[in-house]
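Biologist: I am new to reading protein models. Could you walk me through one, feature by feature?

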Amino acid sequence: MGKLAVNIPWSGGEFRLNNPVLAASGTFGYGVEFASYGPLEALGGLVTKGLSLRPMPGNPMPRIAETPCGMLNSIGLQNCGLERFMREYLPRLPRNGPKIIANIYARNLADFSELAATLSRAPGVAALEVNISCPNVEAGGLLFGQEARAAAGVTAAVKKFSGDLPVLVKLTPNVTDITEIARACADAGADMLSCINTLSGMGVDVRSRRFLLARRIGGLSGAAVKPVALRCVWQVAQAVSIPVIGVGGIYTAEDILEFILVGAWAVQIGTANFSRPDRIFALPAELSALMDELDIASCAAFRGTLA
Amino acid sequence: MPQMHLCSVRALVPLGEGEKRGFFSLLLEGCGLPDWTPGQFVMLRPESWSRELPWARPFSIGRWDGNGLEIFFQVVGRGTSLLAGLRPGESVRIFGPLGQGFAREENKPVLLLAGGMGIAPFAGYIPRRAGAPNLRLCFGHRAPLACYPYAALAGNCLSEHFPDERPGDLPSFLRRMEELLAGNAREEGLVLACGPVPFLRAVRDLSLKHGARTQISLENRMACGLGVCLGCVVKPLMDDKGRNRSRQPVPPALEQGLPVPVCSCGPVFWADAVELDA
């Protein structure tokens, strides 16, 4: 499937994917949980559950709610912590084939730097994805990703300690102008941008008169957000020269081509993994078949060719 | 290993007095024949469901043999309402068997405590121990008895049921549960319970009071069923030395202090190992 291969240029060379299908952070665990539903080798890569320096217990329950064409979550970034990931999960992931991208988050720049420094030396980690949709404790709790200077600060801090690894920054759509944040991250040295994280949302129950989530406000994902993601990817791809990875509501090969058409180099599959855990493994072959049908010679030939 | 199976509806049978009560048995065929343990569950999603309902739905395995997979459900929301409209021949995807089932202590007296649709996993448990002299079922229910798979089970164990229709019904059910539970504890047996959380709390409290060894099966809302979304978690009960407070051996995940997914670490837990009061 040579036509599916994607060579993403970055300052350190080329980030080579066997195909443009990646699993999105938070929907694919640490990778190993899906192994009985398909070969991880079939994927272009996978992005781990967000990792923090120390284990995090996450938010109170309830944390999830199904909504029409989507879901709300407020997990609160529960994770096993960097050390246990390196010890228990990373050694079980395949070394050849899918790129293992470690998603990281922290509440201050020192922790971001330490995460980057440790993971940049971890065998098997191919890239870092920075979650900037988390509160910046040093700046009164505003999200890093909602303010251009803070977003640039995190990007630079991670970049400084990321060694030979490319750094992806995952943008939040919950901003007035996503291109402003995108430019700030690109100028600060980001190698790629992932668009988008979840949309801020809420649900209530008229019978119990309660919020659906204990934290009241959560993040919306799933098919419902795809038009927003597509718009963001298109805008960001116009605004910056670094490669963009599309994420948000992608279920099918046709969805993938839509994101490539508006300028994405690769895509991440998220909430769709919950409908059918085996689905993602079939997407590269389905994408290949659809490209044949539409006479698309390669992902590169189709990227950004919107009329 | 859990696997994906594409199966089809053999029959959807309303239980009780017709469909209006919303209790059903769903029999699927073509689902393979894996090894499974009573207390485990499957995630189920009809092929006809669009992206409008992104999640599969979890159901206890009632029976899974050469004749297919049987689950029991009650209509409680959007998903189960749609399941109630399934027709024979329709395609349904399931993945499983998932999670950790009940302990299998063949030689111990076993007391099964079920509240409402919490009887479902025992439909899978009782036939595996049919005729065992010391297997007992105590069942509390609000809907008429025929809405539940009770009659078929009652013949295979010592069984009694308690309708909850009038004030006073619930206290007498609880009294009887306590008697049975205390007796089971004296014989150093095993108690297995499934039902709504307030019911499980009562079972947990009685178990602590009498020193019974009790496992409970939780039914938290789930999205993935695989332990990755962390939407269905429950907190382990830890002591001040950072160890799980259960008097029974617990899996390593319950010793780490972080909330654990009910789908992959449960749905069955020792009653003294997890927090039910949050």
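Modeller: Gladly! Let us begin with two strands of chain B: strand 2 (residues 23–29) and strand 6 (residues 68–74) pair in the antiparallel sense over six bridges. Strands here are DSSP runs of E with at least two residues, helices are runs of H or I with at least four residues, and both are numbered from the N terminus. Two strands pair if DSSP finds at least two bridges between them. In this pairing, Ser25(B) stands opposite Phe72(B) of strand 6.

Biologist: What should I know about the model before I go on?

Modeller: It is a predicted model, where local features need pLDDT of at least 70 and side-chain atom pairs count only at pLDDT 80 or more, while totals for chains, interfaces and linings use all residues. Residues are numbered from 1 along each chain as its sequence is written, chains are lettered from A and ligands numbered from 1 in the order in which they are written, and side-chain values use heavy atoms, leaving out hydrogens and water.

Biologist: In what order do the strands of the open sheet of seven strands in chain B lie?

Modeller: The order is 4-3-7-1-2-6-5, with antiparallel pairing. Strand 4 (57–60) and strand 5 (63–65) of chain B are the edge strands, each pairing on one side only. From one strand to the next, the twist averages 35°; for such angles, axes are lines fitted to C-alpha atoms, for helices over the stretch in contact, and the angles run from 0 to 180 degrees between N-to-C directions.

Biologist: And which strands form the open sheet of four strands in chain A?

Modeller: That sheet has the order 5-6-14-11, again with antiparallel pairing. Its edge strands are strand 5 and strand 11 of chain A. Strand 5 is joined to strand 6 of chain A by four bridges, and Glu66(A) stands opposite Met71(A) in strand 6. Keep Glu66(A) in mind for the next feature.

Biologist: How do I read a salt bridge?

Modeller: Look for a side-chain nitrogen of Lys or Arg within 4 Å of a carboxyl oxygen of Asp or Glu. Over all chains, the structure holds 32 salt bridges. In one of them, Glu66(A) meets Arg57(B), with the closest N and O atoms 2.5 Å apart. This pair crosses between chains, from strand 5 of chain A to strand 4 of chain B. Glu66(A) also forms a salt bridge with Arg78(B), at 3.3 Å from N to O.

Biologist: How many salt bridges are there between chain A and chain B?

Modeller: The count is three. There are also 11 residue pairs in polar contact between the chains, with both residues at pLDDT 80 or more. A polar contact is a pair of N or O atoms within 3.5 Å; within protein, one must be able to donate a hydrogen and the other to accept it, and residues adjacent in sequence count only if both atoms are side-chain atoms.

Biologist: Which element of chain A gives the largest share of the side that touches chain B?

Modeller: Strand 5 of chain A does, with four residues. In total, 38 residues of chain A are in contact (heavy atoms within 4.5 Å) with 33 residues of chain B. The area buried between the chains is about 2,900 Å², and carbon and sulfur atoms give 61% of that. Buried area is the accessible area (1.4 Å probe) that two parts lose on being put together, summed over both.

Biologist: What should I look for in the backbone itself?

Modeller: Most residues other than glycine have a negative phi, and most peptide bonds are trans. Here, the bond from Cys195(A) to Ile196(A) is cis, with omega near 15°. The bond from Gly266(B) to Pro267(B) is cis too, with omega near 5°, and Pro267(B) lies in the loop between helix 6 (262–265) and strand 15 (268–270) of chain B. As for phi, Arg216(A) has a positive value near 70°, and Asp295(A) has a positive value near 60°.
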